[in-house]
Amino acid sequence: MADERQAGAAGAPATGAERPGRRGRLRPVARAASRLADRVPAPWGFVLAVFVGSKVVLSLVGVIALSAWDNVRGAPPAVETTMRIQQHEVSPHRWISLWFAWDSFLYDHLARMPLDEPWRNFAFPLLYPLLARPFAPLLGGHTAWALLLVSNVALVLQLYYAHQLGGRLLATGDRGRLRGTGEQGGGEALARDDPAAGRRFTRYLLLLPAAFLFQAALTESVFVCLALAAFWYAEQRRWLLVGIVGYLLALSRSVGFLVVVPLALVLLRQHGYRLGPRALGRYLRVGWPLVLVPAGWLTFMAFCRWQSGDWYAYKHAQERGWGISVQNPLTVILDGLTRGSPGDAVRVWFAVAVLVIVVCGLRWAELPYLVYTVIVVLVPLSIGPPVYRSLLRYLIAAFPVGLVLARWARRATVDTWLTAALALLQGALFVVWLTYWTHFII
């Protein structure tokens, strides 16, 4: 019997402990991947992982959602038929074409317009379409693909600056707060950065309700990347870089030149908000590069004047094309809540929620970020009712919301539930954007 048991044991399949199996063969691969990951400098490993993960998840959800609606009667609606044709012309692969909508095709037109011929379209600032031009030859002349590449490279850089800025502003405990140190210390000191807080902020920036638009062929990722970079360099007191980045920021969107106001508040805060002749001289000596921020928009106005003879060609093109006229943004909010359609009211409530969250969640030391949020929310609302259809798109520029959410989600339980809720909300809006109601988010 003993011999039989031994024979049976010898003939039995080896257990996980007895055979090398897959686990043994995969160990060298895992070690190589771990070594490769260790060589990626922080925080780029986290940034790239978050970018790739979000890209894969959203692309899969997008393709599945579009395929599910293929056989639905009346899909796509007539208003979107032309856009679907344009998407297919960009690429027959849906995981690529789904990232193009509405303004994407206007930017593509601008990216293809010869610079040595009269310019006829002044409704959009220059930076985004011009950035795509040098990449188009590398992609076989596909300017649309070049636009998508620019947006996604900008998103990667946006996540990097978000990680850095979030870690600086959200450093935990008393050691993370801005502290006055007098003249000798330059006005304030910041304690060590908090990488965990930076990672939370980066995550919440991608979880904002319409943040999937950062990955589309639109200007959002370029604008927010430049805004985060400008504030990061301002917090580091690298004011020449602030001016250069701010110049590009003003060329990316009309509201960009107004960001000079919160950036100037960072400068004032760093010197204790002191006023007087000596303080003014110090501000001018240190912060003179801030004049480059409005100079960016003046450059675009000069371009309009050169091409059309009209300094305000951008303003007039907006008025003719979309019926835009400057109005009181508070009146526009009230009208959207009381007189607009249910869809308009929902969008305006999102804007109100952004303002309330930032007002409640930011501290006095973060006043520049509160002012920035008020600017990027109220200035678009000042164009009147045409803003309603694009309001959710404009709101994702209010990155300080992510700062507040990251601060509130320090506890693991709150972080888990808030992450899940925002992911579900964004998923629902993403499907809405892709299918019947693309015009709900433009």
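## An aromatic cluster

W44, Y160, Y161 and Y233 come together as one aromatic cluster. Rings of Phe, Tyr and Trp (its six-membered ring) pair here if their centres lie within 6.5 Å, with planes under 30 degrees apart called stacked, over 60 edge-to-face and the rest tilted. This is a predicted model, so local features need pLDDT of at least 70 and side-chain atom pairs count only at pLDDT 80 or more, while totals for chains, interfaces and linings use all residues. Residues are numbered from 1 along each chain as its sequence is written, and side-chain values use heavy atoms, leaving out hydrogens and water.

The structure holds 22 aromatic pairs. Take Y161 and Y233: their ring centres are 5.7 Å apart and their planes sit at 70 degrees, so this pair is edge-to-face. Y161 belongs to helix 8 and Y233 to helix 10, so the pair ties together parts 72 residues apart in sequence. (Helices are DSSP runs of H or I, at least four residues, numbered from the N terminus.) Y161 counts as buried at 12% relative accessibility, and Y233 counts as buried too, at 13%. Buried means under 20% relative accessible area, exposed over 50%, and partly exposed in between (1.4 Å probe, protein chains only).

Then there's Y273 with W364, whose ring centres are 5.8 Å apart with planes at 40 degrees, so that pair is tilted. Y273 lies in the loop between helix 12 (260-270) and helix 13 (277-287), and W364 in the loop between helix 17 (342-361) and helix 18 (367-381), so the pair ties together parts 91 residues apart in sequence. Y273 is partly exposed at 26% relative accessible area, whereas W364 counts as exposed at 63%.

## Arginines over rings

Now for charges over rings (NZ of Lys or CZ of Arg within 6 Å of the ring centre and within 35 degrees of the ring normal). The charged end of R253 sits over the ring of F223, 4.8 Å from its centre. R203 lies over the face of Y204, 5.3 Å from the ring centre.

## A buried glutamate

E235 is part of helix 10 (residues 220-235). With a relative accessible area of 5%, E235 is buried. Its side chain makes a polar contact with the side chain of Y369, at 2.6 Å. A polar contact is a pair of N or O atoms within 3.5 Å; within protein, one must be able to donate a hydrogen and the other to accept it, and residues adjacent in sequence count only if both atoms are side-chain atoms.

Methods: Helices (H or I, at least four residues) and strands (E, at least two) are DSSP runs, numbered from the N terminus.
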